[in-house]
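Biologist: I am new to this structure and would like to learn how to read its features one by one. Could you take me through them slowly?

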Amino acid sequence: MEAATSRQRRPYRTASSSRPASQAARALLGGQPGTPSGTRLVELMHPDDLVGFHRAWDRLAATPGGRAEIECRYRHDDPGPWRVLELVAHNLTADPAVEGIVVNARDITDRRQLQQRLTQVEHLEAVGQLAAGIAHDFNNLLSVVLANAGLLRQDAEAGAAEREAPVTG
C-alpha cells in the first residue's frame with residue numbers, strides 16, 4: 001500500500017514538461033548530443049498540431065496500458081520547412097519498473113515528401129490519361145467531319161462537271 005500511495009503522490013511529467021531523455025532524442029529534435037536540451041517538445045511543435053497532440057496525450061494518460069500514435073510537425077534547429085515527427089507512446093504508469101509514459105519518435109519527413117511526390121505523379125498520370133482519351137475522342141469526331149467534307153467535295157465537283165457539260169439533245 002505504501003508504494004501505491006507514494007506513486008499516487010508523485011506527479012506525472014506531462015508532455016509539456018517532458019524533455020528529450022537521450023542523446024538520440026536530442027539529435028532528432030536538433031539539439032547537440034551531450035548538452036541538456038531545456039526545450040520542451042511542445043515548444044517545438046507546429047501550433048496547428050498542439051490541440052490534437054494534447055487530446056491524444058490526455059487520452060493516453062488516462063488509459064494505463066494504452067498506446068497512442070501521434071503525428072505532428074516540429075521545428076528543427078536547421079532552417080527550413082517544418083519536419084514531420086511520428087510518436088508512438090505507451091502508457092506504462094501501471095508498470096512499477098517504469099511508472100511513466102514511454103515515447104518512441106522518428107522523423108518521417110522524407111517519407112511524407114516521397115508520398116506527396118508520388119501523389120503528384122499519380123495525379124499527372126491521371127490527367128495525361130484523361131487528355132489522351134479526350135484527344136482520341138476528338139480525333140474520332142474529326143475523322144467523321146473530314147470524311148463528310150471529302151464526300152461533299154466529291155459531290156460538289158461532280159455537280160460542277162454536270163453543269164459545265166454541254167447540253168445535247
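**Reading the features step by step**

Modeller: Let us begin with Phe 53 and Trp 57, which both lie in helix H4 and are 4 residues apart, about one turn of the helix. Helices (H or I, at least four residues) and strands (E, at least two) are DSSP runs, numbered from the N terminus. This is a predicted model, in which local features need pLDDT of at least 70 and side-chain atom pairs count only at pLDDT 80 or more, while totals for chains, interfaces and linings use all residues. Residues are numbered from 1 along each chain as its sequence is written, and side-chain values use heavy atoms, with hydrogens and water left out.

Biologist: How many helices and strands does the chain have, and in what order do the elements run from the N terminus on?

Modeller: The chain has 5 helices and 3 strands, and from the N terminus on the elements run α-α-α-α-β-β-β-α.

Biologist: How are the rings of Phe 53 and Trp 57 placed?

Modeller: A pair of aromatic rings is described by the distance of the centres and the angle of the planes. Rings of Phe, Tyr and Trp (its six-membered ring) pair if their centres lie within 6.5 Å, and planes under 30 degrees apart count as stacked, over 60 as edge-to-face and the rest as tilted. The structure holds 1 aromatic pair: the ring centres of Phe 53 and Trp 57 are 5.8 Å apart and their planes are at 25 degrees, so the pair is stacked.

Biologist: Is Phe 53 buried or exposed, and what about Trp 57?

Modeller: Buried means under 20% relative accessible area, exposed over 50%, and partly exposed in between (1.4 Å probe, protein chains only). Phe 53 is buried because its relative accessible area is 2%, and Trp 57 is buried too, with 9%. Of the 169 residues of the chain, 21% count as buried.

Biologist: Which residues have the most contacts inside the largest nonpolar core?

Modeller: A nonpolar core is a set of buried Ala, Val, Leu, Ile, Met, Phe, Trp, Tyr and Cys residues joined through side-chain atoms within 4.5 Å. The largest has 16 residues, and those with the most contacts inside it are Leu 29, Leu 41, Met 45, Phe 53, Ile 70, Leu 85 and Leu 87. H3, H4, E1 and strand E2 (83–92) each supply at least two residues of this core.

Biologist: How many salt bridges does a search of the whole structure find?

Modeller: Side chains of opposite charge can pair when their charged atoms come close. A salt bridge is a side-chain nitrogen of Lys or Arg within 4 Å of a carboxyl oxygen of Asp or Glu, and the search finds 6 of them. In one of these, the side chains of Arg 73 and Asp 49 meet at 2.9 Å, N to O. This pair links distant parts of the chain, with Arg 73 in strand E1 (residues 67–74) and Asp 49 in the loop between helix H3 (41–44) and helix H4 (50–61), 24 residues apart. Arg 73 is partly exposed because its relative accessibility is 29%, whereas Asp 49, at 16%, counts as buried.

Biologist: Which parts of the chain does the pair of Arg 112 and Glu 71 link?

Modeller: The side chains of Arg 112 and Glu 71 meet in a salt bridge of 2.5 Å, N to O. The two residues are 41 apart, with Arg 112 in helix H5 and Glu 71 in strand E1. Arg 112, at 22% relative accessibility, counts as partly exposed, and Glu 71 is partly exposed as well, at 42%. Besides these pairs, Glu 86, Arg 106 and Arg 111 are linked in a network of salt bridges.

Biologist: Where does the charged end of Arg 75 sit?

Modeller: A charge sits over a ring if NZ of Lys or CZ of Arg is within 6 Å of the ring centre and within 35 degrees of the ring normal. The charged end of Arg 75 sits over the ring of Trp 82, 4.2 Å from its centre.

Biologist: Where does Leu 60 lie, and where is the place of Glu 99?

Modeller: Leu 60 lies in helix H4 and counts as buried at 3% relative accessibility. Glu 99 is in the loop between E2 and strand E3 (100–107), and its phi is near 50 degrees, a positive value in a residue other than glycine.
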